[in-house]
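Please read them with the structure open.

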Amino acid sequence: MVLYVDITQLEKGRANTGIQRVVKEFLQRVVYCEEIELYAISYNSKIKCTELLDNEEIKLFLKDIKNYRFINLTTIDMEDIKASKTTIFFDIDAVWNSPLKREKLYPILKANGFLIFNFIYDLVPILLPQTAHQVTTNNFIPYMDMVYKYSDLIFFDSHSAQQDFFDYRDRLCITKDYSTKVIPLGSDFRTISVLKHKEYEELLNSKYILFVGTIEPRKYQEKVLSAFDTLSKKYKDLNLVFIGKQGWKVDELADKIRTHTLKDKALFWLENIDDDTLNHFYKNAFIVTYLSQ
């Protein structure tokens, strides 16, 4: 099996949350799989071309996503690549925001004998556009049009996302049927016995409510904060810990957190922690909460 994966968004953004974490975990498996001939690509907007990334460098990149810079880059033209055996183009990254537009790419791949696989995490930019970044909404709609037109197999991380996909298909009056599969996403945290960052030790030994996720409208951190404002008056030993980067459309909430009277006393916002430390926060939490549409 030959597998092409576009990791432009991971390689350019260097994030380690959400979709990027899924891409990383997937690559860590396939790059060492002898049965799969992996071709990881990234689109270079500066020179307007697709670059093939070396698999040995992929292994190094996965160990230090934030800092590693690729050295051996080969320019390729997807129009020239013909499928000689089972050849799959698997879109698992947030490719709707990629500069390599699927309206142009997918017809070429199909003409060259590729199978197109997609991973859909949710349809929030379409169903709840008020909670998504405007750029994402603008890019996501034409991307989904191409998925409905060209995809051979579609993966989802939940039955809800799969149902939304078919409901939206019906809204578009599309009669085509699709091969789909739900793949629940798991956790691969290692068990860590020693805390490396001692500055969190006191907080980890306290009673705290934990919320992990990018600060964004659809995750309702503002409601959690409001509930905590009430709880903290009665339970003086209770803390609230947000872990995650600042997202979109939350400037007012971000300011509210940063200027809160309990900030760094009973309210904590940690934007940059490693997986080992995150594991400790999960392990020691009094309550883990997660609200999301």
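1. In what order do the strands of the open sheet of 8 strands run, and is the pairing parallel, antiparallel or mixed? The order is β4-β3-β2-β1-β5-β6-β7-β8, and the pairing is mixed. β4 (73-76) and β8 (180-182) stand at the edges with a single partner strand each, so one side of each has no neighbour in the sheet. From one strand to the next the twist averages 25°. Helices (H or I, at least four residues) and strands (E, at least two) are DSSP runs numbered from the N terminus, and two strands pair if DSSP finds at least two bridges between them.

2. On the source: this is a predicted model, in which local features need pLDDT of at least 70 and side-chain atom pairs count only at pLDDT 80 or more, while totals for chains, interfaces and linings use all residues. Residues are numbered from 1 along each chain as its sequence is written, and side-chain values use heavy atoms, with hydrogens and water left out.

3. Strand β1 (residues 2-6) is mostly covered, with 5 of its 5 residues buried. Buried means under 20% relative accessible area, exposed over 50%, and partly exposed in between (1.4 Å probe, protein chains only). In a regular strand the side chains alternate between the two faces of the sheet. In β1, Val2, Tyr4 and Asp6 point one way, and Leu3 and Val5 point the other way.

4. β1 runs parallel to strand β2 (residues 37-44), joined to β2 by 5 bridges. The bridge partner of Asp6 in β2 is Ile41. β1 also pairs with strand β5 (residues 87-91) in the parallel sense, over 4 bridges. Val2 stands opposite Thr87 in β5, and Leu3 stands opposite Ile88 in β5.

5. Which helices pack at an angle of about 90°? They are helix α6 (residues 134-150) and helix α7 (residues 159-171), with their axes 12 Å apart. Axes are lines fitted to C-alpha atoms, for helices over the stretch in contact, and angles run from 0 to 180 degrees between N-to-C directions. α6 and α7 are therefore roughly perpendicular to each other; angles of 65 to 115 degrees count as such, those under 35 as roughly parallel, those over 145 as roughly antiparallel and the rest as oblique.

6. Met144, Val147 and Tyr148 in α6 meet Phe165, Tyr168 and Arg169 in α7; contact means heavy atoms within 4.5 Å. The residues of this contact divide into 5 nonpolar, no polar and 1 charged. Here Ala, Val, Leu, Ile, Met, Phe, Trp, Tyr, Cys and Pro count as nonpolar, Asp, Glu, Lys and Arg as charged, and the others, Gly among them, as polar. α7 also lies across β6, β7 and β8, running at about 155° to β8.

7. Asp157 lies in the loop between β7 (153-156) and α7. With a relative accessible area of 23%, Asp157 is partly exposed. Asp157 and Phe114 are 43 residues apart in sequence and 24 Å apart in space, C-alpha to C-alpha.8. An open sheet of 4 strands has the order β11-β10-β9-β12, with parallel pairing. β11 (267-270) and β12 (287-288) stand at its edges, each with a single partner strand, so one side of each is left without a neighbour in the sheet. Strand β9 (residues 207-212) and β12 run parallel and are joined by 2 bridges. Ile287 in β12 is the bridge partner of Ile209.

8. Helix α11 (residues 275-284) lies across β9, β10 (238-243), β11 and β12, at about 125° to β9. Among the residues of α11, Asp276, Thr277, Leu278, Asn279, His280 and Phe281 are buried. Their cover includes α8 (201-204), β9, β10 and β11. At the start of α11, a side-chain oxygen of Asp274 reaches to within 3.2 Å of the backbone nitrogen of Asp276.

9. The side chain of Arg218 makes polar contacts with the side chain of Asp122 (3.5 Å) and with that of Glu216 (3.1 Å). A polar contact is a pair of N or O atoms within 3.5 Å; within protein, one must be able to donate a hydrogen and the other to accept it, and residues adjacent in sequence count only if both atoms are side-chain atoms.

10. Lys263 is found in the loop between α10 (251-258) and β11. The side chain of Lys263 makes a polar contact with the side chain of Asp264 (3.2 Å). Lys263 also touches Ile257, Arg258 and Trp269, not counting residues up to four places away in sequence.
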